[in-house]
Amino acid sequence: MSIIGSAPLFRPRSSLYNGTAAATMRPTRRVTAVTTDAPCPAIEVRDLVKHYGPVKAVDGVSFRLERGATLGLLGGNGAGKTTTIGMLMGLIEASGGTISILGEPMPAARARLLERMNFESPYVDMPHRLTVRQNLTVFGRLYRVANLGERIERLAADFDLTSLLDRRAGRLSAGQKTRVALTKALLNAPEVLLLDEPTASLDPDTADWVRTRLEAYRAETGASILIASHNMPEVERLCDRVVILAAGRVADQGTPAELLARFGRDSLEEVFLDVARARRQAVATDEESGR
Amino acid sequence: MSRTRSPSEAFSFARVGAMILRYWYLLSNSWPRVIELVYWPTVQLLTWGYVQLYIAQNSTFFAQAAGLFIGALLLWDVLLRSQQGFAFAFLEEMWSRNLGNLLMSPLKPSEFVASLMAISLVRLTIGMVPVTILAIPLFGFNIWGLGLPLVAFFCLLVMSGWAVGLVIIGILLRHGLGAEALSWSLMFLLMPITCVYSPVAMLPSVLQPIAWALPPTHVFEGMRALIVEHTVRTDLLASAAALDVVWFAAAVVAFHRLLAAARRAGSLLQDGE
């Protein structure tokens, strides 16, 4: 089904505040992964290594993101999440290992792949002086989106941005900026979407709204999504599988249910804390034995 | 999907056009940026123009070679503004924290550079055309009267400016905004040894070979020959063109090496200092 087809991709945000519609807007838990005929995973990372001199930022990381699934990349600060995403986008040269995206090697096929991917992070901005429409026009042209004007109007309606299209990006609130950034990330209807803390700094209502739209996008298009996040409820809600990174290595991975069972915990937050504490203890033990 | 997917590997003029549009939006949305483009060349023109008028009243040589200072000033501004227009457009991406979005888009480095070249020409046109017109009634100097050699001077200087600009954005990619000052100041390092206002013969002999290795030196010598001796020195134009090719090729190599170093160092994800 085309993303710019006749049916609206998302309901306007106003429906969230409509008493009769509000209940139906709540996600049912997790959207079932959409399978495709393609045998290769959306992302396959094998033994990925990135060293900065003596520092091992990423040290032998392997994971797969299946087509139509959502994978959570969890880890504390400095665990290697952003470096891993940088290598997935071809911005950072790996010291070792392989990355395959949609069956093609990254970074060798970077030019082809980037047209089929997109990225969103609160740590990058769009030019403040340009209006929302101008920004989306520029990025739409960079991604060579067909029927761009129509596409922008449709996404703006879906993300409740129509009234903001001619406002300068610098005059938007944090929540509005996130919605614009997500609109930009969906302009080219990416088959693989990388999100770096997509709801950081958002209030709970806006964050929930963003998650709902990501779920709807995946359900609509069968896209594969990789989310790097510190927000455990978000990961539990959105992700089919979770990879926990600690000090550049995969500390554990599995479905949220598998991880909860393995650690004997009730929430991913507790699992995350177990991993972080075990890591700290290992570092302390190493330091003691080194004395 | 209704998306069009043409061969992604090919150089895309559509993506270059998208980036030119991005910079055009920026200029059209920000009148201080437009004024700034005209402001400095105008201040320079007024300063040096009146100095030249004063000197010409007291010097036969300058009286006969009217426009020597102003011509040099205008051509120097072509060199300086072509480099700055190129580098500043790139800096706009760093200042607005937009570089990550661009680097993770299908935009190729070659397309990015081509758009920076194009927008530097736009900025140069906005900044320089009014000033060259202003010089006619104020100081009686019509640089457009230089004719075809002016086109050659312009192209050669712009090429030199782009070469320096390319190295600067390579350094910015590798070292971040900490290297921002280079985009303001690096060209001024060349100012004394490219002999903008005085002949190469005035330099100490040890510096003269260095001066002749710089393409702009040949242009400024050619400009003086044209204004003072009314001679078009094609030998100087040819040597400037040859040096420009070498300089630009070296700048492309340097840019690619700095970009590769930035990928290895992970600095493309950090656009701060």
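A residue is buried if 20 or more other C-beta atoms lie within 10 Å of its own, exposed if 12 or fewer, and partly exposed in between, with C-beta atoms placed from the backbone. By that rule, six of the six residues of strand S3 (residues 70–75) of chain A are buried, so S3(A) is largely enclosed by the rest of the structure. This is a predicted model, in which local features need pLDDT of at least 70 and side-chain atom pairs count only at pLDDT 80 or more, while totals for chains, interfaces and linings use all residues. Residues are numbered from 1 along each chain as its sequence is written, and chains are lettered from A and ligands numbered from 1 in the order in which they are written.

**Strand S3 of chain A**
- Helices (H or I, at least four residues) and strands (E, at least two) are DSSP runs, numbered from the N terminus.
- From S3(A), A:Thr70, A:Gly72 and A:Leu74 point one way, and A:Leu71, A:Leu73 and A:Gly75 point the other way.
- S3(A) pairs in the parallel sense with strand S8 (residues 224–229) of chain A over five bridges; two strands pair if DSSP finds at least two bridges between them.
- The bridge partner of A:Thr70 in S8(A) is A:Ile225.
- S3(A) also runs parallel to strand S9 (residues 241–246) of chain A, joined to it by five bridges, and A:Leu73 stands opposite A:Val243 in S9(A).

**Open sheet of chain A**
- Four strands form an open sheet in the order S2-S1-S4-S5 (chain A), with antiparallel pairing.
- Strand S2 (55–65) and strand S5 (104–106) of chain A are the edge strands, each pairing on one side only.
- Strand S1 (residues 43–52) and strand S4 (residues 96–101) of chain A pair in the antiparallel sense over five bridges, and A:Glu44 stands opposite A:Ser100 in S4(A).

**Contact between the chains**
- The contact takes 36 residues from chain A and 34 residues from chain B; two residues are in contact if their C-beta atoms, placed from the backbone, lie within 7 Å.
- On the side of chain A that touches chain B, helix H2 (81–88), helix H3 (110–114) and helix H4 (132–142) of chain A each give two or more residues, and H4(A) gives the most, with five residues.

**Helices of chain B**
- The buried residues of H1(B) include B:Arg15, B:Met19 and B:Tyr23.
- The buried residues of H1(B) pack against H4 of chain A together with helix H4 (68–95) and helix H6 (109–139) of chain B.
- In H2(B), the buried residues are B:Leu37, B:Pro41, B:Leu45, B:Gly49 and B:Gln52.
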